[in-house]
Amino acid sequence: MSTRLATRGRLIDRSKPIEFTFNGTSLRGFEGDTLASALLANDQMLVGRSFKYHRPRGIVAAGSEEPNALVGLGSNRRYEPNQRATTTEIFEGLTATSQNHWPSLEFDVGEINSKLFSRFLSAGFYYKMFMHPKPFWKHVYEPFIRHSAGLGKAPDKELQDADTYEHFYFYCDVLIVGGGVAGLQAAKTAASSGAKVLLIEEKNYWGGRTPVDGGTIEGDDAQDWVTKTVAELEAMENVILRSRCMGAGVYDHGYILGYERLTDHAPDMAGPRHRLWRIRATQTITATGAIERPLSFAGNDVPGVMLAGSMRDYIANWGVLPGQRVVVATNNDDAYRTALALHHAGADVVRVVDAREEGGGKLAEEVRGLGIRIDNGRAIAKVKDGKRVTKVAICPQNGTGGAREEIAADAVAMSGGWSPVVHLWSHCGGKLTWDAEQAHFKPDPLRAPTGADGKAFVVTAGSSSGPMDLKSVMANAAKAGINATQAVGRTAVDAGEIKTSVISEAPMLPVWLMPANADIELRMKTWLDYQNDVKVSDVQLAAQEGYESVEHTKRYTTLGMATDQGKLSNINGLAILADSLGAEIPQVGTTTFRPPYHPISMGAIGGEARGEIFQPLRKTPMYAWHDDNGADWEPVGHWRRPYAYVQDGETVDQAVNREVKNTRENLGLLDASTLGKLIVKGPDAGKFLDMLYTNMMSTLKIGKCRYGLMCSENGFLSDDGVVARIDEDTWLCHTTTGGADHIHAQMEEWLQTEWWDWKVYVTNATEQLAQVAVVGPNARKVLEKLNATAGGGLDLSAEALGFMEWADGKIGGFDARAYRISFSGELSYEIAVPASQGLAFWEALVEAGQEFGAMPYGTECLHILRAEKGFIMIGDETDGTVIPQDLGLHWALSKKKTDYLGKRAHSRSHMADPDRWKLVGLETLDGAVLPDGAYAVGEGVNANGQQNTIGRVTSTYYSANLERGIAMGLVKHGPDRMGEVIDFPGLDGKIYQAKIVDPVFYDKEGEKQNV
Amino acid sequence: MLILECPYCGVKAEESELSAGGEAHLTRFGPGSSDDEFHDYLFVRENPKGVHFERWRHANGCGKWFHAARCTMTLEVFGTYSAQTTEPPQEIKDVITAKRPGWSWRNVSDETNTEGQRT
């Protein structure tokens, strides 16, 4: 039975009781409790079910290494799965639910998995058992696995997270991660140099585990030294301390992520919930401590089996005694501290099982002196399965598990030795070395992570460097502080030797399996990775099947792949693998350590970037008018453009059809401000544009416009638009809306990196100008009316401003540049005015246009009008694999120019292949609209037995003017097959039959634009 | 996340301020080049474990393209320099030679001989 003690509990405030619920049951704890300590105080040993076998699981650890105690926290907009009970501080009203069980935690149907199916779920089971017969995967295996495996449930996608998050940028000389005694000492040393120091600690208290184990530092009791040192650091102006702030990852060139949990312990507090610290530190000291390793014996996952160090954490920190009759199993002296703590807290330590034949040192003597029985050279053979520990079988360590003695117990404290937390050191390339004496990997200071200058930028301090005794920890930490300070070009005060209490310990014995030759029945119940349900037998099987690389074994068995990233399981798993392969542990090596150290919230990663400020929104000067007049918005890059203007009682489709007809019959107005407008200027501007466009731009006459194509260097169409020659050395290049920024960037790239001696400037004037397309039979009338009524001298007559010409002047009082160009086949002017006049100009056109039937139209109408005319659209007819020749645009490829981007590529063999799919128009036989992106099928099948394809639809619309579906597509030998009917199978099961036709559907002679 | 100093504006720019532009010092091949030359220009790139020369643009800064010499293995930066040159400047090569004796990259290399004398 796990109980709250009447005394002890240095972190809890017994005057402040807190009520919370676990699986709907109301429980009580105290302020300062973690959810784990409060559950243990309420004798809640069973906290979850395991991943594959749904075995009952309890709390194993007291910190972020906990693999089992994952719960769903909160509800509705504050629900979050997979939260660790050990790192969750309780607060009034906290609700937690256990995970991965059905129908209930106490009674779980899936538990039969472990009894009936465990032989199917061995290493690599995904790859082996569920492959055949093929249809079984979809209908039997996958639903089975999805139902039974997995951790917590994802939050409801319809519910938005109620909390806010933020990013915070920080720069310092020295960052110290970890506020235990080593981190505090390192910070104190570094700070003495005057360097700017940031000290972060993941827990809500300082000092780490040292105050639990006691001892003295500089003559003070450890806790007093911690309190004093924190106060000293807080008083220094060059030091910033943050608790509840974890060092999540170390990245290139000294970039560190800190994860601060501001309100997790008090959700009603104002402000962001999490803050992601984006830190640039010249030097980083990792004082991240050490993690105790479990021992591998059968039933080491039964609730009540706990890490020895964690068990005394619960006693000292939270006044919780996890068992009344406890077996301590160890291979080292440290676990004797737990035996002492248990005994002094009133528990009955029924046995200490020490795998070492020679037994322990001074601490063991002290335990024996209390009358506690110690069995040297013994092991735990097995902990009896169940929802909590009831019986423990003891056997000789050097054996197969026979000659057992059974003793009744309700908890087991285990210690397999301690491993430094090397994650942050390793994230950015720090290498490890094997310490045979302590049987762990520790950082190799000679192979540190290096920064931009090639020098080490991470230093380890304290037990994360390797030493586990207080004296060495403090000496190591002070040295780390001095080294890091030196590396930032400052001098720290060297306080000399730090005096601490010393307790000598007998050497530990590496024990990777208990008993050493455990039989298969035992190994199949001996867990390495609790969270992913990986057992000793799985790793051995993987080795037997030829998985020699640790990285392969990891993926095959899923060892260390869960959300705890193998904090408890890695070394034990490696050791089993090494043993199975007959290799030494350092030869097998470790898997890669990747950030984050411990899972961080998606909210923190997103920071402020959500909702309206997820990304910037670009608005044209007429945005508000569109919004007030029924715009159905369509995102186009960062812009929002009206797809159509929906009037009362209309559907969006009806609005589009109305706009399509009205523009052809009367007058349409399009906000074309988003089109790219790049000004290219300089003595070499003409030469430059001749390189960028496939056609000749240098010969364009001042006052004229020319449609141009751009290709990438490998020949594919990348952009198009109308270019206007403004004066002797100035051209204005229109690009597509989406192309403005990258075409501008591409121009800069060529000018800066290839033709840097050419005298050309490029500027992107897209947002400086508002542009309106005035389109339709009444286009000239409305503009002339504006000139007549509001003043303006620009002559817009057919004689003065011919097709593909432009002119500057006043239109209705506005400073205008009128381009007589058409993307619709109608009489059309695109008129640019300064952005500041855009809205007024638009409103003036709408008002003056009333008598001519003026209506605004959106992007869908624009698309349909251009498709009726067979005009291509970049991104529809092109997809990065299409060349101008595919689209019948040979006329735009200059034969006179010796070079332009893409020219050389067009002579590559595949580009000149006559079998390339070519642009045609497509008309369905029944007038239906072809499905977008549909493929045409031809004779025969390909190597996969699929029908051969001979073409695809690139643009497809309903044309209200022609009252039928029209489409364009790329078809093999298309232009030579006019009149042929080809088949387009739709996803709806229907075969669409379409006739190959000329892509110009409307006004083939182009009479309408030339009036 | 890398930090590179823009040689134009002097800003020590975070990687998020920069955009990567692939291998530096490519020779453009246009019309008249052989199929092999053009193919290599378009598609063949160095992939060294060690010294490398790259193009970067200070995209969210001054907008200038520049070159960086760095080690792809350790991410050590040997220096940044103008993009308006066809080969790495001598001072950059000297820095690399001091740190990675015997280095070579395409047809550029450590120009010291076995006695450590500059040839």
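Me: Axes are lines fitted to C-alpha atoms, for helices over the stretch in contact, and angles run from 0 to 180 degrees between N-to-C directions. With that in hand, at what angle do helix 14 and helix 16 of chain A cross?

Reply: This is a predicted model, in which local features need pLDDT of at least 70 and side-chain atom pairs count only at pLDDT 80 or more, while totals for chains, interfaces and linings use all residues. Residues are numbered from 1 along each chain as its sequence is written, and chains are lettered from A and ligands numbered from 1 in the order in which they are written. The axes of helix 14 and helix 16 of chain A cross at roughly 40° and come within 9 Å. Helices (H or I, at least four residues) and strands (E, at least two) are DSSP runs, numbered from the N terminus.

Me: Why is helix 14 of chain A called oblique to helix 16 of chain A?

Reply: Under 35 degrees counts as roughly parallel, over 145 as roughly antiparallel, 65 to 115 as roughly perpendicular, and the rest as oblique. The crossing is at roughly 40°. Helix 14 of chain A is therefore oblique to helix 16 of chain A.

Me: Which residues make that contact, and of what class are they?

Reply: Helix 14 of chain A brings A:Val536, A:Val539, A:Gln540, A:Ala543 and A:Gln544. Helix 16 of chain A brings A:Gly573, A:Ile576, A:Leu577, A:Ser580 and A:Leu581. Contact means that the C-beta atoms, placed from the backbone, lie within 7 Å. The classes are 6 nonpolar, 4 polar and no charged residues. Nonpolar covers Ala, Val, Leu, Ile, Met, Phe, Trp, Tyr, Cys and Pro; charged covers Asp, Glu, Lys and Arg; the others, Gly among them, are polar.

Me: What makes helix 14 and helix 15 of chain A oblique to each other?

Reply: Again, the angle. Helix 14 (residues 536–544) and helix 15 of chain A cross at roughly 125°, with axes that come within 10 Å. That value falls among the rest, so the two helices are oblique to each other. A:Asp538, A:Val539 and A:Ala542 of helix 14 meet A:Thr553, A:Tyr556 and A:Thr557 of helix 15, all in chain A. This contact has 3 nonpolar, 2 polar and 1 charged residues.

Me: Where is A:Asp564, and why does A:Asp564 count as buried?

Reply: A:Asp564 is in the loop between helix 15 (550–557) and helix 16 (570–581) of chain A. Buried needs 20 or more other C-beta atoms within 10 Å of the residue's own; exposed is 12 or fewer, and partly exposed lies in between. A:Asp564 has 24 such neighbours, so A:Asp564 counts as buried.

Me: What does A:Asp564 touch beyond its neighbours within four places in sequence?

Reply: A:Glu65, A:Pro67 and A:Gln531 are in contact with A:Asp564. For A:Gln531, the separation from A:Asp564 is 33 residues in sequence and 7.5 Å in space, C-alpha to C-alpha.

Me: Why is strand 38 of chain A called largely enclosed?

Reply: Strand 38 (residues 717–727) of chain A has 11 residues, and 9 of them are buried, so the rest of the structure largely encloses this strand.

Me: How do you know that strand 38 of chain A pairs with strand 37 and strand 39 of chain A?

Reply: Strands pair if DSSP finds at least two bridges between them. Strand 37 (residues 705–711) and strand 38 of chain A have 7, in the antiparallel sense.

Me: What makes strand 18 and strand 22 of chain A edge strands?

Reply: The open sheet has 5 strands in the order 18-26-20-21-22 (chain A), with parallel pairing. Strand 18 (305–307) and strand 22 (374–376) of chain A each pair on one side only. The twist averages 20° from one strand to the next. Helix 9 (residues 335–344) of chain A packs on the sheet, touching strand 20, strand 21 and strand 26 (411–415) of chain A.

Me: How many residues of chain B are in contact with chain A?

Reply: 21 residues of chain B are in contact with 20 residues of chain A. The chain B side divides into 11 nonpolar, 5 polar and 5 charged. Chain B itself has 2 helices and 8 strands, and of its 119 residues, 26% count as buried.

Definitions and conventions. Two residues are in contact if their C-beta atoms, placed from the backbone, lie within 7 Å.
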